[in-house]
Amino acid sequence: MRVLIVEDELKMASLLRRGLLEEGYAADVARMGEDALWMAGAVDYDAIVLDLMLPGIDGVEVCRRLRASGVWSPVLMLTARDAYEDRVAGLDAGADDYLPKPFSFAELLARLRALVRRGAAERPAVLQVGDLRLDPATRQVWRGDHELSLSAKEFALLETFMLRPGEVLSRYRLLEHAWDFGYENRSNVVDVYVRYLRAKIDRPFGRDSLETVRGVGYRLRRDGGA
Ligand code: CA
């Protein structure tokens, strides 16, 4: 297990590193965001402990650039105790978890273990399928450069598709993910909303990204209907 610690405060960085070494981890320290970016690109770290407050580019920006460059190592962000805005920004930039300072080292280790268990699969903060993009944080959707205006339900349905590109999803499965038990009239609501979605994400652009799979359900083409 090899961890990258990104922290400019020397004392904090060496404390973290010593603690991790004692637990049998290997640990490198980057004191600037720029250093962290090239180190994380060069080494496949099992986890990254990323301080939010850094000179130069801050932790949120480091996280965003890591994800944009295809680095999916789990990121645990260290934040100030009360700054919930920082935690929100960090998580939406692609961090997996956060820990407010000051923290107990035992909790840091437990969070690292939990992150490493989940692995480093791709999990972009902004979903992209072909030239369709969906940002769950800002609730924005784009087809290429065009921003689309979707209702809450249309958004939920599209998000369900975009989390599973290329998969055939039954009506039941779509209902299960985009509607709750509070919804009574479930008979053909999926078909209705697929129609709404097509009218917004496909038809104006001459695309056909949402395919009907007869007798089964629907599929969002991996190429986004390009
Ligand atoms: Ca710092």
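The model is predicted, so local features need pLDDT of at least 70 and side-chain atom pairs count only at pLDDT 80 or more, while totals for chains, interfaces and linings use all residues. Residues are numbered from 1 along each chain as its sequence is written, and side-chain values use heavy atoms, leaving out hydrogens and water. Helices (H or I, at least four residues) and strands (E, at least two) are DSSP runs, numbered from the N terminus.

- Let us start with an open sheet of 4 strands, whose order is 6-7-8-9 with antiparallel pairing; two strands pair if DSSP finds at least two bridges between them.
- Strand 6 (127–129) and strand 9 (146–148) stand at the edges with a single partner strand each, so one side of each has no neighbour in the sheet.
- From one strand to the next, the twist averages 20 degrees.
- Strand 6 and strand 7 (residues 132–135) run antiparallel and are joined by 3 bridges, and here V129 stands opposite L132.
- Helix 6 (residues 152–162) lies across strand 6, strand 7 and strand 8 (140–143), at about 115 degrees to strand 7; angles run from 0 to 180 degrees between N-to-C directions, and axes are lines fitted to C-alpha atoms, for helices over the stretch in contact.

- L150 sits in the loop between strand 9 and helix 6.
- With a relative accessible area of 19%, L150 is buried (buried means under 20% relative accessible area, exposed over 50%, partly exposed in between, using a 1.4 Å probe and protein chains only).
- Leaving aside residues up to four places away in sequence, L150 touches V141, F155, L158, L197 and K200, where contact means heavy atoms within 4.5 Å.
- L150 and R31 are 119 residues apart in sequence, and their C-alpha atoms are 43 Å apart in space.

- Strand 10 pairs with strand 12 (residues 217–220) over 3 bridges in the antiparallel sense, and V168 has R219 of strand 12 as its bridge partner.

**Helix 1 against helix 5**

- Helix 1 (residues 10–22) and helix 5 (residues 105–118) pack at an angle of about 65 degrees, and their axes are 11 Å apart.
- L16, G19 and L20 of helix 1 meet F105, L108, L109 and L112 of helix 5.

**The calcium site**

- The calcium ion has protein donors from E7 (OE), D8 (OD), E9 (OE), D51 (OD) and M53 (O), which lie 2.1 to 2.8 Å from the ion; donors are N, O and S atoms within 2.8 Å of the metal (3.2 Å for Na, K and Ca), and water is not among the atoms, so sites may look incomplete.
- E9, in the loop between strand 1 (2–6) and helix 1, and M53, in the loop between strand 3 (47–51) and helix 3 (59–68), link distant parts of the chain, 44 residues apart.
- E9 is partly exposed at 40% relative accessibility, whereas M53 is exposed, with a relative accessible area of 59%.
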